[in-house]
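Visitor: I would like to learn how to read features from a protein model. Could we go through one together?

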Amino acid sequence: MAATPSVAVVGGGASGTLAAVHLLRRARALAMPLEVVLIDQYGRHALGQAYSTTDPHHLLNACVSKMSAIEGDPGHLLRWARDNGLDIDGPDYLPRQVYGRYLRDVLSAAEERPLRVVRRVTGTASALICDRGVRVRLSDGGEIDADAAVLALGNRTPAAWPHIVDAADPRYVADPWARNALTRICDGAPVLVLGTGLTMVDVAVTVTRAHPDAVVYAVSRHALLPRPHPYPVPPPVPVPIPDGPLGVAGLLRAVRLAVKDNAGDWHGVVDGLRPQAQALWARLSPDEQRRFLSVAARYWEVHRHRIPPATAARVADLRATGRLRVLRGRMLRTTSVPDGLRAQVEVDGAVRELDVGWLVNATGPGSDIARDPLLASLIAGGTARPDRLRLGLDAGPGGAVLDATGHSDGHVFTLGPMLRGSLYETTAIPEIRAQAAALASRLIEAVTIRPARSHPEPGSSEPGIDAPYHRIEANALTFGSSSAESEITRTASG
């Protein structure tokens, strides 16, 4: 290991960036030297899938006042935007590519060279070895040694549909957020999208703006579209939830009653539920959690994850002019035809055939964690285990990854979408930044309680290392497990 404490963050999207930013800010407050190694498979450090888009019409799904990267500083994004010449206010919605620039600037600002630095590595992590620290192996044969690691893997690619389409078909887009995936489908040919959620909306916006005659078909079981944000936004409404055992039926009953008492307006009710979502999820039994995923999750998602008014207006216009056609049904199969695909779709009980140029998989994040080679290797080796719903990794308080026996070695952590099974509501910036802020203290503890062999040799003259390093080690008790646990428990409970 290097003499300077080091944390490897696997995943360079929003989750990994927020983890790195809050860790560096904490280290700065403690006058502690630190190296963060930010590993991103595609070299999109700080951007990830969501913010690497180049379409300026892809807007954030939350307003500026809610999207600060810094926990405890809600005005941070607004100040950055105005400092960069943008004439916006808190209720406005920024393009996602602009927000990506913001995350990159925040990451750079968190550095304080030479003591606190980010080493940006482009590569694919293939294995994690835990032995008195962490060693990350890359698929190209490289290795990175660190005192602790954060698995910030974000959302996984959509699930495969081998019974519907040949994955090798050049007209099939398996991952719409792969590099240049949307660019190649903007040729004016009809596009069929599997799914009617947020990703479908992005595909429709891009395709129809690129070509004046393009038509998009979108198919899903329920044909539910994301709801628009209202303007002005009503205040959150407290939702009383009965004490005692909680089931999906009782939860839905309480929500319906709250909407009725709020004169039928559900917006404030949903926003009032959000701070309780993680605690309510924990109160459901595993069977009730599965029931929620089966019968209620899609309805929660379209009301909770809303789209900006401008995007909603665009979608409404496309539907009114017949350029976006939403179908309630299911895909049966596709066959290749000249210049495209012929799709058989069951719509309201009848089979229709659609000749399209492209088929796009926008069914949302895949739930099979074993499809990810790194996660599969961690689970096979006993370093990690899936949560009981197999939505992500099993973790203790504060995101400490649990091994096959249910224990944590205190050096491997996770946050964001990887905690969906235990927290459910954990994919948006407000939840992730709170987790990142709390995780910073746990990581400080992990890297300051280090094996003796990793200390600088006596008499070392390495500049800027010895004094701050020993100062933080002397103060490590102030960030011991009890204080970190309490901070993280508060975050996890809402």
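Visitor: How many bridges join strand E5 to E6?

Guide: The model is predicted, so local features need pLDDT of at least 70 and side-chain atom pairs count only at pLDDT 80 or more, while totals for chains, interfaces and linings use all residues. Residues are numbered from 1 along each chain as its sequence is written, and side-chain values use heavy atoms, with hydrogens and water left out. Strands (E, at least two residues) and helices (H or I, at least four) are DSSP runs, numbered from the N terminus, and two strands pair if DSSP finds at least two bridges between them. Here, four bridges join E5 (residues 134-138) to E6, and the two strands run antiparallel.

Visitor: Which residue in E6 is the bridge partner of Arg137?

Guide: That partner is Glu143. In the hairpin, four residues sit between the strands, and Gly141 takes a positive phi near 95 degrees.

Visitor: Which side chains of E6 point to which face?

Guide: For this you need burial: a residue is buried under 20% relative accessible area, exposed over 50%, and partly exposed in between (1.4 Å probe, protein chains only). Along E6 (residues 143-146) the side chains alternate.

Visitor: What links Glu143 and Asp145 with Arg135 and Arg137?

Guide: A network of salt bridges links these four residues. A salt bridge is a side-chain nitrogen of Lys or Arg within 4 Å of a carboxyl oxygen of Asp or Glu. The structure holds 25 of them.

Visitor: Where in the chain do Glu71 and Arg433 lie?

Guide: This salt bridge, with its closest N and O atoms 3.2 Å apart, links distant parts of the chain. Glu71 is in the loop between strand E2 (34-40) and helix H2 (76-83), and Arg433 is in helix H13 (residues 429-448), 362 residues apart. Glu71 is partly exposed at 37% relative accessible area, while Arg433 is buried at 13%.

Visitor: Are Asp271 and Arg306 buried or exposed?

Guide: Asp271 is buried, at 16%, and Arg306 is buried too, at 2%. Their side chains meet in a salt bridge (3.1 Å, N to O). Asp271 lies in helix H6 (residues 267-273) and Arg306 in the loop between helix H9 (297-304) and helix H10 (309-320), so the pair ties together parts that are 35 residues apart in sequence.

Visitor: How many residues of helix H1 are buried?

Guide: Twelve of its 16 residues are buried, so H1 is largely enclosed by the rest of the structure. Among the buried ones are Leu18, Val21, His22 and Leu24. What covers them includes strand E1 (6-10), E2, helix H3 (96-110) and H13; contact means heavy atoms within 4.5 Å.

Visitor: What span should H1 have?

Guide: The expected span of a helix is 1.5 Å times one less than its number of residues. For H1 (residues 14-29) that is 22 Å, and its end C-alpha atoms are 22 Å apart, which agrees. Just after H1, Ala31 takes a positive phi of about 55 degrees.

Visitor: Which residues does His58 touch?

Guide: His58 is in the loop between E2 and H2 and is buried, at 1% relative accessibility. Not counting residues up to four places away in sequence, His58 touches residues including Pro95, Trp177, Leu182 and Asp202.
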